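Subject: The structure we talked about

Hi,

Here is the structure, ready for you to open alongside this note. Have a look around it, and then read on for what turned up.

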Amino acid sequence: MAFPFNTEYPSIESLRERAQKRMPKFAFEYLDGGCNENINIKRNTSEIRDIQLKPWYLKNYKDSHLKTKLFGIEYDAPFGISPVGLQGLMWPNATEILAKASLKHNIPFILSTVTTSSIERVSELTEGRAWFQLYNPKEDWLRNDIIQRAEDAGCPVLVLLCDVPTFGYRPKEIRNGLAMPPQVNFRNVLQVLNRPHWALQTLKHGAPKFATMEKYMENGMSIKQLGKWMNATFSGRLNAEKIKPIRDLWKGKLVLKGVASEEDTQEAIKLGFDGIIVSNHGGRQLDAGESTIKPLSRIAEKYKDQITVMMDSGIRTGPDIARVMSSGADFSFMGRSFMYGVGALGEEGGDHTIAMLKMQLQQVLEQLCCEKVSDLPNFKIS
Ligand SMILES: Cc1cc2nc3c(=O)[nH]c(=O)nc-3n(C[C@H](O)[C@H](O)[C@H](O)COP(=O)(O)O)c2cc1C
């Protein structure tokens, strides 16, 4: 059988292991960690895997395919790339590597406000197909300017984030100085010296910058000033008053990311959102909350006919994607899985990870004799 990826790394876990050996420790821990006691980062995946799908081998069916329509666009698979901040710090040029791979494989790529390539650059790389995730700026003029740039760049979907009303308490980031304001300390410098390939690639591509936000910042800000500037510029607390002007301004599809309750879903429907991403930020914000698959099941059952319901957090394999789709999601997203791929394999990492996940999911569909993703058997968490 021919595999469309490097067979040395046939799973996200094998990519994660290699990424750990190639990324400086502080960067790997920023990517890999959850928050507080790391409860939900584990539970997100383990509770998805409690779902067991029933095969029907003698069913007559033709071939399986993964094509899935979302907001009127046909994608080649029912999964996309979640927004991740500071990607270029974890692996140089990571945002661009993933944006290019998303175009090649025709899956959605969501660009974070606080990552290291700009809206304009990513739009160019994805031929205007990338979605944009907005951290809500405190100042109206800044919010309007960023939204205008996303519109000019042709973004079809704007994603608002609601699950960062305050910072996530992440002990490893606090120790590593990656909490705001970030610090350059002796320990971090030593870790870079231990990862020469990462250091060389960083020299080649230049120090990572907040590329979309750069034009609003003063030249030559120190790292400490930068952290303070970010805190002063954005407000993670969303409410109806802040959302209404965005809905009025944005003509494309609008998605609320970070929903974990029926109450927020109802409010999203009232406020005119086209979709929600049920998510607990990959277990990085509220460790005392539920794993994401639980609210997904309830929300999809009640509201799927009123709003598009997507999910991220904890998905690491093709079978995980199948389980999530069986629980009622219209689409799924992953954050860390793709970043492990890039950390492990650099330029090849995006292509490798998407091709591998497609193959794993295709295999599950064939095992279950499903022609398309929407034929997956329904599963309800009790
Ligand atoms: C290192 C890291 C940075 C992230 N930065 C952002 C961000 O800037 N904006 C955002 O909406 N979500 C951000 N997220 C959350 C992801 O979009 C996504 O919800 C999460 O990674 C999904 O969980 P998974 O990693 O288990 O797939 C980040 C996640 C990680 C791991």
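Let me start in a loop: Asn 38 lies in the one between H2 and H3. Helices (H or I, at least four residues) and strands (E, at least two) are DSSP runs, numbered from the N terminus. Please keep in mind that this is a predicted model: local features need pLDDT of at least 70, side-chain atom pairs count only at pLDDT 80 or more, and totals for chains, interfaces and linings use all residues. Residues are numbered from 1 along each chain as its sequence is written.

Back to Asn 38: its phi is near 60 degrees, a positive value in a residue other than glycine. Asn 38 counts as partly exposed because it has 17 C-beta neighbours inside 10 Å. For that term, a residue is buried if 20 or more other C-beta atoms lie within 10 Å of its own, exposed if 12 or fewer, and partly exposed in between, with C-beta atoms placed from the backbone.

Asn 106 also has a positive phi, of about 55 degrees, although it is not a glycine. You will find Asn 106 in the loop between helix H5 (94-105) and strand E4 (110-112). With 14 other C-beta atoms within 10 Å, Asn 106 is partly exposed.

Leaving aside neighbours within four places in sequence, Asp 76 is in contact with Leu 66, Lys 67, His 105, Asn 106 and Ile 107. Contact here means that the C-beta atoms of two residues, placed from the backbone, lie within 7 Å. Leu 66 is ten residues from Asp 76 in sequence, and their C-alpha atoms are 6.1 Å apart. Asp 76 has 15 C-beta neighbours inside 10 Å, so it counts as partly exposed.

Now to the ligand. Which residues are closest to the ligand? They are Ser 82, Gly 85, Gly 282, Gly 335 and Arg 336, out of 24 residues that surround it. By class, the shell holds eight nonpolar, twelve polar and four charged residues. The classes are simple: Ala, Val, Leu, Ile, Met, Phe, Trp, Tyr, Cys and Pro count as nonpolar, Asp, Glu, Lys and Arg as charged, and the others, Gly among them, as polar.

H16 also packs against other helices. Helix H1 (residues 12-22) and H16 meet at an angle of about 50 degrees, with their axes 7 Å apart. Axes are lines fitted to C-alpha atoms, for helices over the stretch in contact, and angles run from 0 to 180 degrees between N-to-C directions. H1 and H16 are therefore oblique to each other; angles under 35 degrees count as roughly parallel, over 145 as roughly antiparallel, 65 to 115 as roughly perpendicular and the rest as oblique. In this contact, Ile 12, Leu 15, Arg 16, Arg 18, Ala 19 and Arg 22 of H1 meet Ser 337, Tyr 340, Gly 341, Gly 343 and Ala 344 of H16. Those residues divide into five nonpolar, three polar and three charged.

The axes of H16 and H17 come within 7 Å and cross at roughly 130 degrees, so H16 and H17 are oblique to each other as well. From H16, Ser 337, Phe 338, Gly 341, Val 342, Ala 344 and Leu 345 meet Gly 349, Gly 350, His 352 and Thr 353 of H17. This contact has four nonpolar, six polar and no charged residues.

Among the buried ones are Asp 320, Ile 321 and Arg 323. The cover over the buried residues of H15 includes helix H3 (39-48), helix H14 (293-303) and helix H17 (349-367), along with strand E3 (79-81), strand E9 (308-311) and strand E10 (331-334). Just after H15, Gly 328 takes a positive phi of about 115 degrees.

Happy to go through any of this with you.

Best wishes

Key
A residue is near a molecule or strand if its C-beta atom, placed from the backbone, lies within 6 Å of it.
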